[in-house]
Amino acid sequence: MHIDFDHAVLAIDTSTSFLSLALRTNGRTFTRHIEAGNKQSELILPLIGELFAEAGITAADLAAIVYAQGPGAFTGLRIGTGVAQGLAAPFDTPLIGVPCLDAVAFQISAPCVLAATDARMGEVFYAWFDTANARRLSDYQVGKAAEITVPENAAPQGIGNAFSLEDKPPFNGSPDMPTAETYLNLAASGRYPATDAARAELLYVRDKIALTAKEQAERKGGKV
């Protein structure tokens, strides 16, 4: 499915506590990026409405909608995807899902990049990339930061908010996180497939999204 990125395209990232939006049309990019906490569901449609008003368009004018596919905050991902589907379905607008770790990694260009983000529950989401050659080098994974193995003979660079955690990956990196504009730029590369609204999917790498009180205590080395 070919997408004409010369026309209006909206990108939505709700994978963290930030609500990030980017709308590109007629060579201009309009953005919103705010710390929304648990108010993403309240704020997302009004802010998209603001972007449409600034750009002088409506949802019917969109050539595509880009959304953060995960892994990330479960509730936020569901909100972003649901809104993307709701805007797209009436007009048969294609959706493009961009994996969150890709957006993290492609903030820098290097042959060995570890993208790592906070997965809560004492774990991080991570994957290895060769961003200089636009390749992912590993599966998307979740686990303890200290257990991440650095490839042999590599000079890795790290990026993502996992590097700001107390239990961070085994080498230093930048805690920078992408914005919706990053997702928009990646989608424009043509490397991510477009689909219709009904077939939009999220990317999960963790089967379980919550721990029982006993499991939480065990992870902390305590007893119930």
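A: On a 1 Å grid over the protein atoms alone, a pocket is an open set of points where a 1.4 Å probe fits, with protein on both sides within 12 Å along at least five of seven lines, and its lining residues have an atom within 4 Å of a point. Grid points are joined across faces, edges and corners, and a volume is the space filled by probe spheres set on the points. The model is predicted, so local features need pLDDT of at least 70 and side-chain atom pairs pLDDT 80 or more, while totals for chains, interfaces and linings use all residues. Residues are numbered from 1 along each chain as its sequence is written, and side-chain values use heavy atoms, without hydrogens or water.

Strand 3 (28–35), helix 1 (40–55), helix 2 (74–88), helix 3 (100–105) and strand 6 (113–118) each give two or more residues to the lining. Here helices (H or I, at least four residues) and strands (E, at least two) are DSSP runs numbered from the N terminus. Helix 2 supplies the largest share of the lining, 5 residues. By type, the lining holds 18 nonpolar, 13 polar and 6 charged residues, where Ala, Val, Leu, Ile, Met, Phe, Trp, Tyr, Cys and Pro count as nonpolar, Asp, Glu, Lys and Arg as charged, and the others, Gly among them, as polar.

The second largest pocket holds about 230 Å³ of space. Met121, Gly122, Glu123, Leu165 and Asp167 are the closest to its centre among its 13 lining residues. That lining divides into 5 nonpolar, 1 polar and 7 charged residues.

Six strands form an open sheet of mixed pairing, in the order 3-2-1-4-5-12; two strands pair if DSSP finds at least two bridges between them. Strand 3 and strand 12 (194–195) are at the edges with a single partner strand each, so one side of each has no neighbour in the sheet. Strand 1 (residues 8–13) and strand 2 (residues 18–25) run antiparallel and are joined by 5 bridges. Helix 1 packs on the sheet and touches strand 1, strand 2, strand 3 and strand 4 (62–68), its direction making about 20° with that of strand 2. Helix 2 also packs on the sheet, touching strand 1, strand 4 and strand 5 (95–98), at about 170° to the direction of strand 4. Axes are lines fitted to C-alpha atoms, for helices over the stretch in contact, and angles run from 0 to 180 degrees between N-to-C directions; contact means heavy atoms within 4.5 Å.

In the loop between strand 4 and helix 2 lies proline 71, joined to glycine 70 by a cis peptide bond with omega of about 0°. Most peptide bonds are trans.
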